[in-house]
Amino acid sequence: MHALNPIFLPGPTNLPEALRRACDIPTMDHRSAAFGPILASAMAGVKQVLGLSEGEVAIFPATGTGGWEAAVTNTLRPGDKVLAARHGMFSRKWIDLCQRHGLDVEIVERPWGEGVPVEAFAAALAADTGHRIRAVLVTHNETATGVTSDVAAVRAAMTAAGHPALLMVDGVSSIGSIDFRMDAWGVDLAVTGSQKGFMLPAGLAIVGIGPKALAAMETSGLPRCFFDIRDMLGGNYPYTPPVGLINGLAVSTGLLLEEGMEAVRARHHRIAEGVRRAVAAWGMTTCAARPELCSDTVTAIVTPDGVDAGRIVRHAAEAYGVAFGGGLGEVADKVFRIGHLGLMSDVMALSGIATAEMAMTDLGLPVRLGSGVAAAQEHYRNSRTAPVRAAA
Ligand SMILES: *Cc1c(COP(=O)(O)O)cnc(C)c1O
């Protein structure tokens with residue numbers, strides 16, 4: 001990739017200069033008084049971004065995957081039943097992690113491109129009169145297919161069924177970018193990582209823990225040591241914390257909160273809508289099956305029959321030094337993805353749309369140069385807001 005070009009991956013995302021500097025600090029004694037305020041500031045910022053008032057935040061030196069493992073092992077017991085939908089690469093991997101931990105996963109299969117099936121979940125919960133299901137897993141934003149699911153509706157279904165299971169949400173590619181409300185949606189455990197909405201390098205697993213999940217930790221029984229949340233509470237690190245990244249997280253949450261979470265969400269929606277209009281102008285479709293499922297952080301674009309989507313990604317990288325996301329799993333050859341989360345503006349998005357057009361035209365796809373750019377330009381002109389200063 002070329003350092004002058006933004007990247008259009010749905011994680012890791014572009015790194016604001018302010019965060020690159022925040023991570024690049026001299027070695028610090030993490031047992032000294034200097035570290036406490038940095039950690040406290042990062043944790044307080046994360047709680048605000050999560051919309052979590054009563055509860056805790058644990059920050060592990062890991063990635064989002066470690067966050068899944070922390071959520072599951074700290075609150076469940078061997079053989080516990082969990083309910084999950086499989087509709088993309090990340091929901092698939094989270095289910096695999098649960099199974100490797102000996103959990104009994106009731107899987108609802110959905111086509112890739114669909115969201116979490118609230119009605120099927122409601123039926124499974126209603127049928128579970130003995131309350132054997134201990135947790136309901138929701139992948140809020142399926143990064144492989146560009147599909148956002150309705151977390152609040154899943155909670156409403158649980159409430160309607162009078163079901164006491166924990167609600168665990170993978171918010172790795174949604175938190176810090178699109179609407180996410182831990183308290184309001186009754187989310188018991190929320191998982192994310194540093195390299196997506198928080199615009200930092202990879203290296204932190206961030207877990208929000210609500211009161212019900214904290215209580216469940218008392219009776220959980222899966223083996224855990226590195227990921228034991230109890231050792232992390234009260235800001236005590238049982239091992240060496242990545243001080244630079246945590247300082248980065250404190251500054252990152254500051255940038256997001258300064259912009260305002262509503263403004264952050266509106267910016268992501270506006271940019272994503274421009275990308276979607278470009279896709280329509282190309283005569284192509286999204287992997288997301290219906291408009292209301294389309295993610296505001298990543299757009300997965302279906303390529304015409306017989307066109308290997310991977311060629312577009314490889315060609316854009318080789319010819320123009322621009323990174324797009326490739327297809328994953330079941331849609332490996334069929335989609336390429338434009339990530340538009342984190343440090344992203346309308347002007348940056350236009351360069352990505354223009355590059356995708358050049359790459360597709362080079363490869364002989366029936367795309368007219370400028371067609372997607374023009375469609376996005378119209379949308380961006382007509383929905384203009386003041387440029388964001390804070391994320392610079
Ligand atoms: C990126 C991602 C993950 C995995 O996170 P890592 O930090 O790569 O471990 C999990 N879930 C979703 C939805 C993601 O986008």
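Predicted model: local features only at pLDDT ≥ 70, side-chain atom pairs only at ≥ 80, totals over all residues.
**Entry 1. The ligand**

I began with the residues around the ligand. The list is Thr 63, Gly 64, Thr 65, Trp 68, Phe 90, Asn 141, Thr 143, Asp 170, Val 172, Ser 173, Gln 195 and Lys 196.

I looked up the polar distances next. A side-chain N or O atom of Thr 63 is 2.6 Å from an oxygen atom of the ligand. For Gly 64 the polar atom belongs to the backbone, and the distance to a ligand oxygen is 2.8 Å. Thr 65 again uses a polar side-chain atom, which sits 2.6 Å from an oxygen of the ligand. The ligand taken alone exposes 390 Å², and the protein buries 88% of that.

**Entry 2. Helix α2**

I checked the length of α2, residues 35–50. Its 16 residues, at 1.5 Å each, should span 22 Å, and the end C-alpha atoms are 23 Å apart, so the two agree.

Which residues of α2 are buried? I noted Phe 35, Ile 38, Leu 39, Ala 42, Met 43, Gly 45, Val 46, Val 49 and Leu 50. They lie on the same side of α2, because the arc they cover around the axis is only 165°. On the face turned away from the buried side I found the exposed residues Pro 37 and Gln 48.

I also looked up what the buried residues of α2 pack against. The partners are the strands β1 (56–61), β8 (189–193) and β9 (204–209), together with the helices α7 (182–185), α9 (243–259) and α10 (261–281). After α2 comes Gly 51, with a positive phi near 70°.

**Entry 3. Helix α11**

I repeated the check on α11, residues 309–320. Twelve residues at 1.5 Å each should span 16 Å, and the end C-alpha atoms are 16 Å apart, so this helix agrees too. Its buried residues are Ala 309, Gly 310, Ile 312, Val 313 and Ala 316. The arc they cover is only 165° around the axis, which means that they are on the same side of α11. Their cover includes β12 (335–339) and α12 (346–362).

What caps the N-terminal end of α11? Asp 308 does, with a side-chain oxygen 2.8 Å from the backbone nitrogen of Gly 310. Just after the helix, Gly 321 has a positive phi of about 65°.

**Entry 4. Thr 303**

Thr 303 sits in the loop between β11 (298–302) and α11. A polar side-chain atom of Thr 303 is 3.0 Å from the backbone oxygen of Val 307. Leaving out residues up to four places away in sequence, I listed contacts of Thr 303 with Met 284, Ala 309, Ile 312, Asp 333, Lys 334 and Phe 336. Ala 309 and Ile 312 are among the buried residues of α11.

**Entry 5. Thr 240**

I found Thr 240 in the loop between α8 (211–216) and α9. Thr 240 has 55% relative accessibility and therefore counts as exposed. Beyond its neighbours within four places in sequence, Thr 240 contacts His 30 and Pro 61. Pro 61 is 179 residues away along the chain, yet the two C-alpha atoms are separated by 8.8 Å.

**Entry 6. Val 187**

Val 187 lies in the loop between α7 and β8. With a relative accessible area of 5%, Val 187 is buried. Neighbours within four places aside, its contacts are Val 151, Leu 167, Val 169, Phe 180, Arg 181 and Met 182. For Val 169 I also noted the C-alpha separation from Val 187, which is 6.9 Å across 18 residues of sequence.

**Entry 7. Glu 259**

Glu 259 is in helix α9. Its relative accessible area is 17%, and Glu 259 is buried. What does the side chain of Glu 259 make a polar contact with? The partner is the side chain of Arg 267, at 2.7 Å. Apart from neighbours within four places in sequence, Glu 259 is in contact with Val 264, Arg 267 and Val 388.

Note on methods:
Residues numbered from 1 in each chain as written. Heavy atoms only, no water. Helix = DSSP H or I, 4+ residues; strand = E, 2+ residues; numbered from the N terminus. Expected span 1.5 Å × (residues − 1). Buried < 20%, exposed > 50% of the residue type's maximum accessible area, 1.4 Å probe, protein only. Arc of directions from axis to C-beta. Contact = heavy atoms within 4.5 Å. Polar contact = N/O pair within 3.5 Å; in protein donor to acceptor, adjacent residues only side chain to side chain. Near = heavy atom within 4 Å. Areas by Shrake-Rupley, 256 points an atom, 1.4 Å probe, with all protein chains shown as cover.
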